[in-house]
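Please open the structure in your viewer and keep the selection panel at hand.

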Amino acid sequence: MKSVFLSIVIPAFNEETNIRLGALDKVSRYLERQDYVWEVIVVDDGSSDATASLSDTFAQTNRGFTVIHNPHQGKAATVIGGVRHARGNIVLFSDLDQATPIDQVEKVLPWFERGFDVVIGSRNSRREGAPILRLIMARGFMMLRSLILGLSGITDTQCGFKAFRRPEALRIFDRLSLYKSGHEVSGSMVTAGFDIELLYISKLLGYKIKEVPVEWHYVETRRVNPIIDSWQGLMDILKIRINAWKGVYQ
């Protein structure tokens, strides 16, 4: 039996509408055309709508799909749980809404053959439909993370389309501190620091990171609060800096 080449982790919180609109069908149709062994792990984050039941039904009728059911802990903890269940040589996490279409994985995979350990999607200059407020916040966030954490050279830390070699992924995810799984939350949860912490640890461990432009379409998943969200993002960056000083990521 061939080993799994690609694992795709898809976090899902109240995604009933996107599932009914065929988001999982798009993923399945694309992967069915590939000649490598793959798996898709949908991680339900304690959804209050029909996400869980619809995902279960889909997995029962589509090969290669499995569903994990978690209490609501937020996107970061949901992705962490999915990555730990992944068996593929390459592990990718991607949003269920397909803001970055699954076929963009074709732009990511070749870079692993060229020696990179972490390959991330970048929406810069391709943020189709994004409100001006989001663009301003993204620019400010980039300046802060570069100034405080020294994450220069990476222009888009927040794109939800990131892939890792599995051994490296496990080392990175085991060192995450800000949004560990284990406690339940309520409502939508801002996890701005999750992606930054991932990439900061990747650099700290000396892994080769490649940023690749990908297709991206704006999808409104939650209403932005510029003050609260910006403050949370700054706090996350400062916490990462403090954790680094304390040696948490060693």
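Begin by selecting helices α4 and α8, whose crossing is left-handed (that is, the near helix is turned anticlockwise from the far one by less than a right angle). Helix α4 covers residues 75-85 and helix α8 residues 166-174, and the two pack at an angle of about 145° with their axes 10 Å apart; axes are lines fitted to C-alpha atoms over the stretch in contact, and angles run from 0 to 180 degrees between N-to-C directions. Helices (H or I, at least four residues) and strands (E, at least two) are DSSP runs, numbered from the N terminus.

This is a predicted model, in which local features need pLDDT of at least 70 and side-chain atom pairs count only at pLDDT 80 or more, while totals for chains, interfaces and linings use all residues. Residues are numbered from 1 along each chain as its sequence is written, and side-chain values use heavy atoms, with hydrogens and water left out.

Now show the side chains of Val79, Ile80, Val83 and Arg84 in α4, together with Ala169, Leu170, Phe173 and Asp174 in α8, which make the contact (heavy atoms within 4.5 Å).

Next, select strand β4, residues 90-94, where five of five residues are buried (under 20% relative accessible area, 1.4 Å probe, protein chains only). Ile90, Leu92 and Ser94 point one way from β4, and Val91 and Phe93 the other way.

Strand β1, residues 6-12, pairs with β4 in the parallel sense over four bridges, and Leu92 is the bridge partner of Ile8.

Technical notes. Buried < 20%, exposed > 50% of the residue type's maximum accessible area, 1.4 Å probe, protein only. Pairing = 2+ DSSP bridges.
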